[in-house]
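Here's a walk through one protein model, taken piece by piece. Keep the viewer open while you read.

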Amino acid sequence: MAAPMFRCFSRGRWFGSPGMSGVLFLGLREAHSGAQGLLAVQKARGLFKEFFPERGTKIELPELFDRGTGNFPQTIYCGFDPTADSLHVGHLLALLGLFHFQRAGHNVIALVGGATARLGDPSGRTKEREALGAERVRSNARALRQGLEAMGANHQQLFADGRPWGSFTVLDNSAWYQKQHLVDFLSAVGGHFRMGTLLSRLSVQTRLRSPEGMSLAEFFYQVLQAYDFYYLFQHYGCRVQLGGSDQLGNIMSGYEFIHKLTGEDVFGITVPLITSTTGAKLGKSAGNAVWLNRDKTSPFELYQFFVRQQDDLVERYLKLFTFLPLPEIDHIMQLHEKEPEKRGPQKRLAAEVTKLVHGQEGLASAKRYRMITEGGVSINHRQVTNPESVLVVGQHILKNGLSLLKIGKRNFYIIKWLQL
């Protein structure tokens, strides 16, 4: 039985094996056959929100993923700008989208914007991003690559379903922009963009009407993202860009640029934005980011974020943030109706996400912390609820150097401290 594959690109070297064709699509055994089932299943889960362009996506896009057309497998990419040294929960749905395509046998690219982060994406923002220096961006980009590679490895190791997968590749767009000269780039690329079209984008219109206005650097961002799509189309055969719903304008620019230069059609798929209970977009700028780097948000804190989700959201989040089949999610929710006090769906959701982000060890760590905070641990018959508690001689450690540790209801341990 073939093992799933992981591939990353770093400093000009490839690691891992190439993608494979001839696979079954995720979830299609339940009700569908062919690629339309793949897109339909993710649409039903709520993960795929919009398809672009509207013309052709009902026929051409499903056919693109149809094994019988000879186009199989395809390449799909999504970009992540290193404006911080970690991804956050707001990025997870785009990553899940890539992973679903990978599981269906297609090759996916996670593109780190080591160059575009210097400009700042204006999409969904009311004011300009804080400018980042070149070294800061490079440091953030290295951290993001490491985080993406780790999640790709966790996905491969812990969620393999026995079928051959496509490849997972991590790239950095600074690799091609550092070779460009400004005047040469503008001469070759700029003439294919029309100002009226660029100015009509919603993200641009919103910023132009704001008191702060919009800088030329921000305005040019959509041109660079369009060129990224074109570069990946030319060098990797990438035909589909995945992004948050606020990226639709940038995706449209890429489609128009590629179509003008090549006459070929490419496609865009958006995923929904995750918001807080107040409706604010989760992220660094809003100050409510739940980070995927354990040094910024511990596995326990990530676990707790999902355990605390309300009942009216948990079914949707199980569909969005996990690979659980829809019938299994239905079963989990049916059990929840009978015993809502056990918070079974929330615990399963938290476990699946924590395992994907931090691996099996991270999930085990989160559960240990949770047992402590919920009063499941005592030392010398004194309940300990703070995982960061300092053990005090005479209280947690007796004068004879012994401690009686109780974990849960039945697990007792006598600890002998050799040095105090």
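## Salt bridges

The side chains of Asp 172 and Arg 145 come together in a salt bridge, with 3.0 Å from N to O; the term covers a side-chain nitrogen of Lys or Arg within 4 Å of a carboxyl oxygen of Asp or Glu. Asp 172 sits in strand 6 (residues 168–172) and Arg 145 in helix 6 (residues 134–158), so the pair ties together parts that are 27 residues apart in sequence. Helices (H or I, at least four residues) and strands (E, at least two) are DSSP runs, numbered from the N terminus. Both Asp 172 and Arg 145 are buried, where buried means under 20% relative accessible area, exposed means over 50%, and partly exposed is in between (1.4 Å probe, protein chains only). This is a predicted model, so bear in mind that local features need pLDDT of at least 70 and side-chain atom pairs count only at pLDDT 80 or more, while totals for chains, interfaces and linings use all residues. Residues are numbered from 1 along each chain as its sequence is written, and side-chain values use heavy atoms, with hydrogens and water left out.

By the salt-bridge rule, the count comes to 11. Lys 342 and Glu 339 make one of them, at 3.2 Å from N to O. Lys 342 counts as partly exposed at 47% relative accessibility, and Glu 339 is also partly exposed, at 36%. Arg 142 is partly exposed at 35% relative accessibility, and Glu 135 is partly exposed at 44%.

Pick Phe 321 and look around: leaving aside neighbours within four places in sequence, Phe 321 is in contact with Val 89, Leu 92, Leu 93, Leu 96, Ile 274, Phe 306, Leu 349 and Val 353. Contact means heavy atoms within 4.5 Å.

In soluble globular proteins, nonpolar side chains tend to be buried together.

## The chain as a whole

The protein chain has 17 helices and 12 strands. Of its 420 residues, 49% are buried. Among contacts with a separation of 6 or more, 72% are between residues 24 or more positions apart. Leu 326 is in helix 16 (residues 326–338) and is partly exposed at 22% relative accessibility.

Four strands make an open sheet in the order 10-9-11-12, with antiparallel pairing; two strands pair if DSSP finds at least two bridges between them. Strand 10 (382–383) and strand 12 (411–416) are at the edges with a single partner strand each, so one side of each has no neighbour in the sheet. Strand 11 (residues 402–407) pairs with strand 12 over six bridges, and Ser 403 has Ile 415 in strand 12 as its bridge partner.

The protein chain exposes about 20500 Å², with 52% of that supplied by carbon and sulfur atoms; accessible areas come from the Shrake-Rupley method with a 1.4 Å probe, and for residues only the protein chains shown count as cover.

The peptide bond from Phe 52 to Pro 53 is cis, with omega near -5 degrees. Pro 53 is in the loop between strand 3 (50–52) and helix 3 (54–57).

Arg 343 isn't a glycine, yet has a positive phi of about 50 degrees. You'll find Arg 343 in the loop between helix 16 and helix 17 (344–373). His 381 also has a positive phi, near 70 degrees, and lies in the loop between strand 9 (377–379) and strand 10. Arg 343 is partly exposed at 28% relative accessibility, whereas His 381 is exposed at 69%.
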